[in-house]
Amino acid sequence: MLIRRSSFLSSVAVLGIICSNAGVGVIAPAAASSDKATENSQVSVPFTFGSLVAKMKNQAQEAYHEPAVKLPEALSALQYDGYRQIAYKRERSKWLDSKDFQVHAFHPGWLFKHPLKVHEVKDGAAQPFVFNSEDFEYHDAELSASLRDVAFPGVAGFRLMNPLNVEGRMDELVAFLGASYFRALGAGNVYGLSARALAIDTASGKPEEFPNFTAFYLAKPEDGSDKVTVWAELDSPSVTGAYQFVFKPGQQTEVGVTAHLFFRSDVERLGVAPLTSMYLYGENDRVGFDDFRPEVHDSDGLKLRFANGDAAWRPLSNPKQLQLSFIGARSPAGFGLMQRDGDFDHYQDLEAHYEKRPSLWIEPLEDWGKGAIMLAEIPTDQEVNDNIVAFWSPDEPVKAGDELSFHYKMSWGFEASASERELMPVADTRTGKAGHSASDEDALSRKFVVDFDASMYSKSGLNGTKLERTKPFIENAALNGKVVFADTRYIEELGIYRVFLDVERDNPEVPVELRLQLTDGEKAISEEWLYQWGWS
């Protein structure tokens with residue numbers, strides 16, 4: 001289940017560096033290909049989202065077949081060193097005359113063995129984009145000669161460009177590459193966590209299934225438009241699907257998602273709006289990492305908002321064993337993997353710039369019913385591995401023949417500041433040995449120190465009382481353990497409440513589930529802090 005970013009998920013980030021002059025679409029036969037092949041690639045077919053939904057519904061009635069189109073040997077034989085020498089020519093971008101959005105392609109080959117088609121939708125019809133080897137820059141003479149006359153049956157993926165950060169300069173907005181994975185950016189971000197269309201049987205005790213996007217359809221926006229629409233076909237042994245994505249770039253890039261799913265077979269664990277990220281170590285669990293950098297992660301916590309308005313924060317960790325957390329959430333108001341810490345000084349990484357990684361918030365736009373947010377934390381000792389997965393999973397079993405639809409909004413970008421929230425957010429989580437400085441180490445005891453950002457109350461205080469004179473109430477609980485000490489202090493210099501918990505576990509073989517929240521005696525004034533203290 002651990003996914004190596006260097007060989008799959010991070011390919012988008014890698015290509016963002018490699019293909020600094022790149023472009024997108026479906027690669028059609030090269031210039032040396034026959035006129036007939038080029039002519040066939042230009043065939044238009046009627047297209048609407050409704051017709052795509054009907055097509056995928058009908059396809060679900062048929063047995064699943066592996067993609068029939070294969071790459072030519074010269075493309076399938078590409079390795080990493082060769083692939084990184086290929087860049088898309090910016091001057092060959094699709095929609096080159098647009099000041100708002102342009103389309104670039106990812107070259108087929110290396111890890112990307114199944115070519116897919118990218119179409120342009122215009123006047124109610126879809127027609128494949130035509131690309132050939134002349135659209136790519138091969139920074140190696142031998143490689144260029146070997147691929148010059150090779151026909152491309154499709155591309156590995158595509159990305160959309162937009163003047164996201166500077167007017168008049170096209171920057172990456174979103175990239176679709178590999179299975180059903182994609183990444184987007186808000187203004188000022190660099191690529192970090194990924195999203196995907198669907199998760200099937202993740203951490204269920206059976207092999208995980210990875211559905212694939214098999215074709216894309218893009219509609220060119222009118223000049224001056226701030227939105228662009230992408231439609232996609234999804235296929236796998238268990239399910240087919242029709243997806244619509246409406247991208248609106250900005251400080252927070254918003255994506256409206258509509259998904260219609262048609263199931264060929266039963267699914268034990270369905271993951272809706274799945275997110276995938278990397279967490280190596282942070283303030284709460286950096287033990288064992290001999291590294292000059294204080295923290296290394298794309299995301300530092302799972303944020304949740306429930307239907308009743310309550311909010312919770314679950315710091316991420318890199319456990320010794322696989323950890324699964326199921327947080328009950330009937331029709332959640334939202335959830336997401338966040339990079340809350342945006343201070344360069346806390347990372348000290350001049351290349352990765354983890355402080356610029358985006359957060360990703362999922363907001364359902366309808367009642368999703370009974371279910372739970374699942375968080376999987378997978379042990380890893382390398383930052384090239386994506387080891388964090390989060391999604392919403394319905395309680396109702398998914399059976400063959402079922403049809404499900406989901407509508408939700410994604411927000412990619414820096415998280416809102418603490419002063420914009422209704423409740424004090426969790427700022428930091430630290431752990432260490434329980435007791436005091438002279439206490440002996442005890443594997444069955446642990447100290448947890450949780451900071452809450454009180455900047456939103458810095459002027460008025462709680463109920464009009466200055467914070468330094470007010471001590472909020474601590475509500476806490478421990479499952480499979482007990483809290484033996486709890487205290488809170490206001491640190492005026494930092495503008496935070498700091499809570500100290502000493503916890504004793506009942507059984508070293510069973511993880512301890514912790515919760516903590518500050519109240520004014522009547523109502524919550526902070527997010528609820530959730531934590532799983534894993535096996536000792």
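Which residue stands opposite G336 in strand 23?

Modeller: The residue opposite G336 in strand 23 is K303. Before going on, please keep in mind that this is a predicted model, in which local features need pLDDT of at least 70 and side-chain atom pairs count only at pLDDT 80 or more, while totals for chains, interfaces and linings use all residues. Residues are numbered from 1 along each chain as its sequence is written, and side-chain values use heavy atoms, with hydrogens and water left out.

The chain has six helices and 35 strands, where helices (H or I, at least four residues) and strands (E, at least two residues) are DSSP runs, numbered from the N terminus. Strand 23 covers residues 334-338, and five of its five residues are buried, a word that stands for under 20% relative accessible area, with exposed meaning over 50% and partly exposed lying in between (1.4 Å probe, protein chains only). If you follow the strand along, G334, G336 and M338 point one way, whereas F335 and L337 point the other way, and all of them are buried.

Strand 23 also has partners, and two strands are said to pair if DSSP finds at least two bridges between them. Strand 20 (residues 301-305) is joined to strand 23 by five bridges, and the two run antiparallel. Strand 24 (residues 359-364) likewise pairs with strand 23 in the antiparallel sense, here over three bridges, and F335 stands opposite I362 in strand 24.

Looking at the chain as a whole, 55% of its 536 residues count as buried. Among contacts (heavy atoms within 4.5 Å) between residues at least 6 apart in sequence, 71% join residues that are at least 24 apart.
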